[in-house]
Amino acid sequence: MEVEGVEVAAAAQVEVGKRGWEGRASADWADEAKSSKKRRADNWQDTEVDGLVAAYRQIHVKLAVAGKRGKTVFGSAYEKWNETQQLLNRMGIERQAKEIERKWSNLYTGFKQILEWNKRLGNRSYWEVDEQTKKEKTKAKELPSTFRMELFDAMIEFLGDDSDPKLRPRDSPSSALPASPLYGGVDVPLPMDKLASHVPPFGTQERRPQLVLVATGNFNPPTYLHLRLFEIARDWLTCEGFDVLGGYMSPFHDAHNKKGLAPAEHRIKLCQLATSDSQFVMVDPWEAKQLMSQKIVQVLSRIDTAVNGKIPGEERVKVMLLCGSDVLQWLSTPGAWVPQQTESICEDYGIICVTRDGSNTRKLIFENDFLYEHRRNILLVDEWIQNDISSTKIRHMVAQGLSVKYLTPDVVVKYIGLNHLYGHA
């Protein structure tokens, strides 16, 4: 019995030991998995970081629009980071809200450190600091060990004032709104095949102010009214002593998500077909091809930089936003636009508005403090021939199987039919 008891006790001890080993192995595996997960959480790819900045910019704009009511936009920090996570998911970036919050916190800390460093007199730009000094400052928690220049540019655009050249990285553009796409965007060359260059008549020193017109919108689909805006504006500006070198249609990004909105690839093609026989109107597909929606002022800035880079001169070619009176109504709506964006559109570029109700539009400008303040940069052109064509009406007619011939160019009508667009508008 004693022998049996010893054997039983020994067997029990072995079993306990076995379970203990299995428990330790399981714990070690869990620790390793946890460690691996942490390494992945800390290891962000550049494209992921760019996406995070782009996503948080949208959150920042939402809070800026709300102003003092910003605290009511999100009920909690969880809601804010959860929405940021959803924005990243749409870009194909899979990260948890906690990872995103932690990464943004670290990113923002590094950004502020560089901002403060670049402000101090006698300091070289962060990107000019030698490795040894940077290593010492990183250890002292005064500077981040690495930080990409284009990332800093992207963040300072909406988080800080870069009016002081010392705050910008060396060789960065002076404009607060970059002409080239950031955040892993798509680089698209600006078409310039129809861009004219004004040559003064022989024997004269005449030099008329030069303009380029830019119209943005869904163009879903483009109509004869959209095309007429360019013609009416050019005629009026020419009579007023300006030289219109060209015009651009810039279709909105798919993120506008309006009901019945055709995919960007189709709307770009429709605009290209609609302007194929125009002598001066072109299509800029840059905005529609980016990873996320762009601000109108960014579109204007990009075209401004590209055009003035091609046509050098003592006087810059002026880029103006071409629109109808509905856009002025939109500009005057509180909270619809970020104030800095509307200021830039009016002050840096200007607006030319083609209107069918001149008196009402002038009244709108007079009664709105913002529009009235910038009235000298808002040119009104009256359209005397009434034109009530709209993209919405065309879509409804197509959906009902009705003819839309003579409402938009034939090539546009044909493309809509071949690609079965707007069948359920």
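Ser 391 is buried, with a relative accessible area of 14%. The cut-off for buried is under 20%, so Ser 391 falls inside that class. This is a predicted model. Ser 391 sits in helix 15, which covers residues 391-399.

What does Ser 391 touch, leaving out residues up to four places away in sequence? The partners are Asn 220, Pro 221, Thr 223 and His 226. Pro 222 lies 169 residues from Ser 391 along the chain, yet their C-alpha atoms are separated by 6.7 Å.

**The chain as a whole**

The protein chain has 16 helices and six strands. It runs to 425 residues, and 45% of them count as buried. Take the contacts between residues at least 6 apart in sequence: 73% of these join residues at least 24 apart.

**Nonpolar cores**

In soluble globular proteins, nonpolar side chains tend to be buried together. Here the largest nonpolar core has 35 residues. Those with the most contacts inside it are Leu 195, Val 212, Tyr 248, Ile 303, Val 307, Leu 328 and Ile 351. Helix 10, residues 296-310, supplies the largest share of this core, with six residues.

Val 307 belongs to helix 10. Is Val 307 buried or exposed? Its relative accessibility is 0%, so Val 307 counts as buried. Beyond four places in sequence, Val 307 touches Leu 190, Met 192, Leu 195, Val 212, Tyr 248 and Val 317. Val 319 is 12 residues from Val 307 in sequence, and 8.8 Å away in space, C-alpha to C-alpha.

Ile 303 is another of the core residues with the most contacts. Leaving aside neighbours within four places in sequence, Ile 303 is in contact with Leu 190, Val 212, Val 214, Tyr 248, Asp 284 and Val 319.

The table sets out the axis geometry of two pairs.

| Helix pair | Axes come within | Crossing angle |
|---|---|---|
| Helix 8 (residues 264-274) and helix 16 (residues 410-418) | 8 Å | roughly 155 degrees |
| Helix 3 (residues 77-90) and helix 4 (residues 97-119) | 9 Å | roughly 100 degrees |

Start with helix 3 and helix 4. Their axes cross at roughly 100 degrees. That makes helix 3 roughly perpendicular to helix 4. From helix 3, the contact draws on Trp 81, Asn 82, Thr 84, Gln 85 and Leu 88. Helix 4 answers with Ala 97, Ile 100, Glu 101 and Trp 104. By class, this contact has five nonpolar, three polar and one charged residues.

Now helix 8 and helix 16. Why do these two count as roughly antiparallel? The axes cross at roughly 155 degrees, so helix 8 and helix 16 are roughly antiparallel to each other. The crossing is right-handed. On the helix 8 side stand His 266, Lys 269, Leu 270, Leu 273 and Ala 274. They meet Val 411, Val 412, Tyr 415 and Ile 416 in helix 16. Sorted by class, the contact of helix 8 with helix 16 has seven nonpolar, one polar and one charged residues.

Conventions
Residues numbered from 1 in each chain as written. Predicted model: local features only at pLDDT ≥ 70, side-chain atom pairs only at ≥ 80, totals over all residues. Heavy atoms only, no water. Axes fitted to C-alpha atoms, helices over the stretch in contact; angles between N-to-C directions. Helix = DSSP H or I, 4+ residues; strand = E, 2+ residues; numbered from the N terminus. Parallel < 35°, antiparallel > 145°, perpendicular 65-115°, else oblique. Left-handed = near helix turned anticlockwise from the far one by under 90°. Contact = heavy atoms within 4.5 Å. Nonpolar A, V, L, I, M, F, W, Y, C, P; charged D, E, K, R; others polar. Core = buried A, V, L, I, M, F, W, Y, C linked by side-chain atoms within 4.5 Å. Buried < 20%, exposed > 50% of the residue type's maximum accessible area, 1.4 Å probe, protein only.
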